[in-house]
Amino acid sequence: MAKQKDIKINIGAVIDEPGSSLKNKTGGWRSMRPVVVKGKCVGCGLCAGFCPDSAIKIVNKKIVINYDYCKGCGICAVECPNKAIYREKEKK
Amino acid sequence: MKQKKIKGKQKSSQKIHTEMIKNNGINNTRKVLECSQAIAEAVRLCRPGVIAAYPITPQTHIVEQLAEFESHGKLNSKYINVESEHSAMSACIGAQAAGVRTFTASNSQGLALMSEMLFIASGLRLPIVMAISNRALSAPINIWNDQSDTIAQRDSSWIQLYCESSQEAFDTTIQAYKIAEKCSLPIMVCVDGFTLSHVWEPVFTLKQEDVDSFLPSYNPANKLDIDNPKTFGPIGGPASYIYFKKQQQEAMLDSIYLIKQVNSEFSKKFSRIYGDGLIETYKFENAESAIVAMGSVCGTIRTVIDELRKKGKKIGMLKVKCFRPFPNNEILKTCKNLKNIAVIDKDISFGNAGALFTEIKAALKDTNVKMNNFIAGLGGKDITQEDILKIYSKLGQKEEIEWIL
C-alpha cells in the first residue's frame, strides 16, 4: 500500500501529473502467478488481448508478462488455446 | 468554452415595470420580478457556460426563464436538457471540471435523487452554484414549502445560504459564484418554494459591466484539458482518503471568512448588505430574547417584532443565512447574553429535534440561554403572525420541542 507521504494531497484529489498510475505497481496484489511453459507458447497473442491490465507483451513471437502490474487474475491461463500458461501460488 | 459578451439590447417577453435609481455610482434598475426570475437574471449576469436542469415544482420557473434567455440569445450558455436530476448534477460536474461556470436548480425529490452526485461535486471541489426552491419531501407527496430537503443534504459539504427576499436571492446568487470559486466548494442558494420563489416584488438588478467588475472570469487552476492531461475523480484509498476529507473540512471552515468578505465587498460596491453574510440580527439592542429562523419566515417575524417592540417587549430576531458552514462563533457572540431563544425549524430531524435548534444549542452550550424549539410550516403550512405571537408567548417554557399545528 502506498504511504501518505508518497501521495500529493491536491485539492479535489486531482492528479496533475499524467501517466502517474505507472508508479502504483499493482503486481503486489497478486496471489496466483501465471507462468509460461517454455516451448508451448506459439505467440498467438490471445492472452495479451484479454489481459485487463495490459501486462502481457509479445516479444519475438513469445509472450512476456510484466509482473509489476499483473494482478494474477488468471484470464490468460484460461484463454490460452495451447495451455501454455499455468498458475502457481505466489511466493512472498 | 470562451464566454463571449452578449450583444444587442435585451428585451423580455414579459412587460416589466422598471425604474432607474442611481446608488453609489452604480446604476440599479428596479424591476418587478418573480423571485425565480430574479435568480435567473442573476445567473445570466454571471455568464455560466453550461446550464443543466430538470424541471421540478416549485423550481421550474428559474430554469424556464434561463431557457428563454438562452433561446432568445440573451445568454451564451450550453443548455442541456437532461433526463433526471442525477444527470443534471453529473453534467454540471463534467462541465465545471472542464473549466466553465455551471448552474442548476432543484429541490425535494429531485435533490434527493441528486444526492449521490452532490457529494462527488464537493469532493472534487467544483464550485457549482445551485438554486433550491425548498419543498417538502414525500411521503405523503407534497409540493409545498419546508426546508427538510436541503437540511437532509447538510453533510454533503455544500455551502447552504438561505434567502429571505427576492432581492437577497438575486444578490446572493451573484455572491455565491464568487464565494464558491474562491474556496472551491459548491453552493446551494435556497429560497422557500412558492412562499418566496413565486412572489413578485420589486428587485434592483445590476448591469452586466458592474457584475463583471465584481465577479472575475472563471479560470480554475485544474481543469480537463487534452493538451495538459489531469485526472479528476481518482481512487482515494485508505492511505489518502482521510487527508482529502480533512482538507475539505478546512476549506469549509475557511469559507466562513470568505462569505463575510464577499458580503462586505458586495455591500461596498452595490450598497446592499445582509448582516455579516452569515447571520443577520434585527432589533437586537437591549434584547432579552430572540426568535431564530431561516428563510422567508424572517419577514413575518420582523413584522411581529415591530409590534412587540411597540409594546415595549425586549425582543429581537436572528436570521441564520448560512447554515453550512455553521457560524458557531458569530451566534455565540450575538446571543450569549440573551435570556430566551425560540428557534423555528421548517424541518425535523426525526428522532431528535429541528436541525437548526440542534446547531444553535451546540453553539450556545456554555451559556445560560434557555432554548425552545418550534417545528412549524412543514409541507407548506403557513406560519402566520399569530403563530409567531404564540411562539413568543411560549418563550422559556419547560417543554423543549413544540409543534405549531
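Predicted model: local features only at pLDDT ≥ 70, side-chain atom pairs only at ≥ 80, totals over all residues.

Reader: Which strands are the edge strands of the open sheet of 6 strands in chain B?

Author: The sheet has mixed pairing, and its order is β10-β12-β11-β14-β15-β16 in chain B. An edge strand pairs on one side only, and in chain B this holds for β10 (279–282) and β16 (401–403).

Reader: Which residue is the bridge partner of B:S289 in β14(B)?

Author: Strands β11 (residues 289–293) and β14 (residues 340–345) of chain B run parallel and are joined by 4 bridges. Within β14(B), the partner of B:S289 is B:N340.

Reader: What angle does the direction of helix α11 of chain B make with that of β14(B)?

Author: Helix α9 (residues 297–310) of chain B packs on the sheet, and its direction makes about 170° with that of β12(B). Helix α11 (residues 355–363) of chain B also packs on the sheet, touching β11, β12, β14 and β15 of chain B. Its direction relative to β14(B) makes an angle of about 150°.

Reader: Which element supplies the largest share of the side of domain 1 of chain B that touches domain 2 of chain B?

Author: The domain assignment of chain B gives domain 1 as 18–217 + 238–270 and domain 2 as 279–403. Their contact takes 27 residues from domain 1 of chain B and 20 residues from domain 2 of chain B. On the domain 1 side, α5, β7, β8 and α8 of chain B each supply at least two residues. The largest share, 5 residues, comes from α8(B).

Definitions and conventions:
Residues numbered from 1 in each chain as written. Chains lettered and ligands numbered in written order. Pairing = 2+ DSSP bridges. Contact = placed C-beta atoms within 7 Å. Axes fitted to C-alpha atoms, helices over the stretch in contact; angles between N-to-C directions. Domains from an automatic or database assignment.
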